[in-house]
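Open the model in your viewer and keep the selection tool at hand. This tour goes from one selection to the next and says what is there.

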Amino acid sequence: MFSFQQEVLRVSDITDLIKQTLEQSFYGLTVEGEISNFRPASSGHWYFTLKDDNSSISCVMFKFKTFKVPFKPQDGMRITVKGNISVYAKRGNYQIICDSIQRLGEGNILQMLEERKRRLAAEGLFDESRKRALPMLPSCIGVITSPTGAAIRDILQVLERRNAGLRVLVFPAAVQGDRAPKQLIHQIQRANARKDIDTLIIGRGGGSLEDLLPFSDEGVVRAAAASAIPIISAVGHEIDWALTDYAADKRAPTPSAAAELVSSEREEIIRRIQNLREQITAEISSRMERTRLLLNAFTPEAFKERFSYIIAPYIQALDDETDALKQLVKQLLQNRRHSLALAERQLEAQSPEHIMKRGFAVVSRKETGVVITSAETCKKQDKITVRLAEGSLAAEVEEIIHENI
């Protein structure tokens, strides 16, 4: 409890106290709610409000975090965010600095998958020592996937381009829904019953987290781990994952990438031969692991995380100043246009043509063109020219009248 009855604080002083208290007390939060007023800035940062029936809180996710979100947030979407409370001193309001965003409901599935992953890993199903190298020059490839999906088309196109002579056997199976796990297991076992398959690819194209669940089914994972044929897991796109990725001998980010792995060209073979450094890598990895444990607190991710909170107020201030500068430039341009129009009207009012249109004329000597400003300079029978607003008159002085106006 703070008491400042005998002290006068500046606004920045009390804001700093609130900032320290909130940021030290509310760290690593998980908050659920509905997105409102989602505003992606031109800088790439996301600003939005997270609300429920009774309250709302401002949120921001910076550009170097947004690429991890596999969907585009929209107003009305129910989500959970993980992050920390921060205070934006310039406005004096608090907000959540988001590290990750998930659609509501995916968290339960991910929690189930993480628990299953830990349990199967404890059994040794994902150990690196169990994984085998892929054959350098396979002659026959087995593919377990939907026969009508995009994955099989992508695989066949890559193989046709890179190694047209490679034989491909397709083992059709459902890749989503309740029937998929049983069919996937059956086709893994069926492929292993053959003696002519060098490498097995199991996978599908991208989809939602629920669509990819068959490839995290415990029976499918165990069948993949037990396969006598080296197996490549190629499930979804690069950001997707399934438990078969850990049980397989190799994980490919996409079905097309899996096809490239099994269809090595001459240049790739040369590259792989030149990069065979298994013994050196094993020794270095052992020593690096011991060093990593000592330096775990000094990882680039930890420094990046700390730096992000330091620069967060400046990033937001830059966005605010950018908006203010745009408004200032707009106002200055408007003022300059107004001043220019006013000067134009004044200049037009002072022009000789404008004055002459009101009935005035310019009188000059015919011979010399010198303008006559006083009757005293003229005499009778002088030839003069009278210039009007429209046209001129040739005249002769008949009489000189002297009068004071």
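The stops below cover salt bridges and then a surface patch.

The model is predicted. It holds 13 salt bridges. Side chains of opposite charge can pair when their charged atoms come close.

Select Glu32 and Arg78 first. Their side chains meet in a salt bridge, at 3.8 Å from N to O. Glu32 belongs to strand S1 (residues 29-40) and Arg78 to strand S4 (residues 78-88), so the pair ties together parts that are 46 residues apart in sequence. Arg78 has 37% relative accessibility and counts as partly exposed.

Next, select Lys90 and Glu321. A salt bridge of 2.6 Å, N to O, joins their side chains. The pair links distant parts of the chain, 231 residues apart: Lys90 is in the loop between S4 and strand S5 (93-103), while Glu321 is in helix H11. Glu321 is partly exposed, at 43% relative accessibility.

Now select Arg119 and Glu218, whose side chains form a salt bridge of 3.0 Å, N to O. Arg119 sits in helix H3 (residues 106-122) and Glu218 in helix H6 (residues 218-226), so this pair ties together parts that are 99 residues apart in sequence.

For the last stop, select Leu325, Leu328, Val329, Leu332 and Leu333. They form a nonpolar patch on the surface, and together they have about 440 Å² of accessible area. Leu328 lies in helix H11 (residues 300-350). With a relative accessible area of 47%, Leu328 is partly exposed.

Technical notes:
Residues numbered from 1 in each chain as written. Predicted model: local features only at pLDDT ≥ 70, side-chain atom pairs only at ≥ 80, totals over all residues. Heavy atoms only, no water. Patch = residues over 30% accessible without salt bridge, like charges linked within 9 Å, V, L, I, M, F, W, Y side chains within 5 Å. Areas by Shrake-Rupley, 256 points an atom, 1.4 Å probe, with all protein chains shown as cover. Salt bridge = Lys/Arg side-chain N within 4 Å of Asp/Glu carboxyl O. Helix = DSSP H or I, 4+ residues; strand = E, 2+ residues; numbered from the N terminus. Buried < 20%, exposed > 50% of the residue type's maximum accessible area, 1.4 Å probe, protein only.
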